[in-house]
Amino acid sequence: MAQKALILGIGNVLWADEGFGVRCVEHVAATLAYGPEVTVLDGGTQGLYLLPFLEEADVMVVFDAVDYGLEPGTMKIVEGEDVPAFMGAKKMSLHQTGFQDVIATAQLMGYCPGELVLIGCQPVELEDYGGSLRPEVTARIPETVAIARDWLAARGFVAAEGSTETPDLADASLRMDAYEAGRPTEDEACRSGDARFFPQSGRG
């Protein structure tokens, strides 16, 4: 049976740099053409709902914002058995604990991918509801995707130039270009968060 790969981005785009992993998989889909043997997935904060995807994969790349205790914007690559430890060592949000549980459950059930790599970026800002990725983190996306591309190519999953059609990304309105294009100006925005995500009173 042909080998299969999973490219997975996890995180929450509503909390500034927490969206790093999701934006990375969007960049993969927009810039690299993979065949059906590679699944490109926005895993968001789905936790154990991701188990079926891990079961099908022989190798897996995970993109995430991870608090490594390094300078903001710093990237770090972790492979193999070290991945679960880094996912939960200094968690920033519930999704990290959740994904650590996903890997542990997959290992317990005997269908965790044989090879996995976590490509993470130290966040700059998380406490900004509805906020953008910070420039230091955004700048790391192409480099992060290139590392994943080369890691997969070394394992036989070679991408061509182009794009990958996938039904497993967020709605188009939440993807980075549309999300940022709809951002209010600094004068209009509520600095405790993005006003688009607050309930509006008086609606029928």
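Two strands pair if DSSP finds at least two bridges between them; helices (H or I, at least four residues) and strands (E, at least two) are DSSP runs, numbered from the N terminus. The model is a predicted one, in which local features need pLDDT of at least 70, side-chain atom pairs count only at pLDDT 80 or more, and totals for chains, interfaces and linings use all residues. Residues are numbered from 1 along each chain as its sequence is written, and side-chain values use heavy atoms, with hydrogens and water left out.

**Exercise 1. The partners of β1**

Task: Determine in which sense β1 and strand β4 pair, and over how many bridges.

Solution. Step one: β1 pairs with β4 (residues 59–65) in the parallel sense, over 5 bridges. Within this pairing, G9 stands opposite F63. Step two: strand β3 (residues 38–44) also runs parallel to β1, joined to it by 6 bridges. Here D42 is the bridge partner of G9.

**Exercise 2. The faces of β1**

Solution. Step three: the term buried means under 20% relative accessible area, exposed over 50%, and partly exposed in between (1.4 Å probe, protein chains only). Because 6 of the 6 residues of β1 (residues 5–10) are buried, this strand is largely enclosed by the rest of the structure.

**Exercise 3. The neighbours of β6**

Task: Identify which residue in β6 is the bridge partner of V61.

Solution. Step one: β4 and β6 pair in the parallel sense over 7 bridges, and V61 has V117 as its bridge partner. Step two: strand β5 (residues 75–79) runs antiparallel to β6, with 5 bridges between them. In that pairing, E79 stands opposite V117. Step three: 6 of the 7 residues of β6 (residues 115–121) are buried, so β6 is largely enclosed by the rest of the structure.

**Exercise 4. A residue with positive phi**

Task: State where A16 is placed.

Solution. Step one: most residues other than glycine have a negative phi. Step two: A16 has a positive phi of about 50°, although it is not a glycine. Step three: A16 belongs to the loop between β1 and α1 (20–31). Its relative accessibility is 1%, so A16 counts as buried.

**Exercise 5. The largest cavity**

Task: Find how much space lies in the largest cavity.

Solution. Step one: on a 1 Å grid over the protein atoms alone, a cavity is a set of points where a 1.4 Å probe fits but cannot get out, and a pocket is an open set with protein on both sides within 12 Å along at least five of seven lines; lining residues have an atom within 4 Å of a point. Grid points are joined across faces, edges and corners, and a volume is the space filled by probe spheres set on the points. Step two: the largest cavity holds about 30 Å³ of space. Its lining residues include V13, A16, R23, Y179 and E180.

**Exercise 6. The largest pocket**

Task: Name the element that gives the largest share of the lining of the largest pocket.

Solution. Step one: about 340 Å³ of space lies in the largest pocket. Among its 17 lining residues, E26, H27, A30, R175 and D177 are the closest to its centre. Step two: α1 gives the largest share of the lining, 5 residues.
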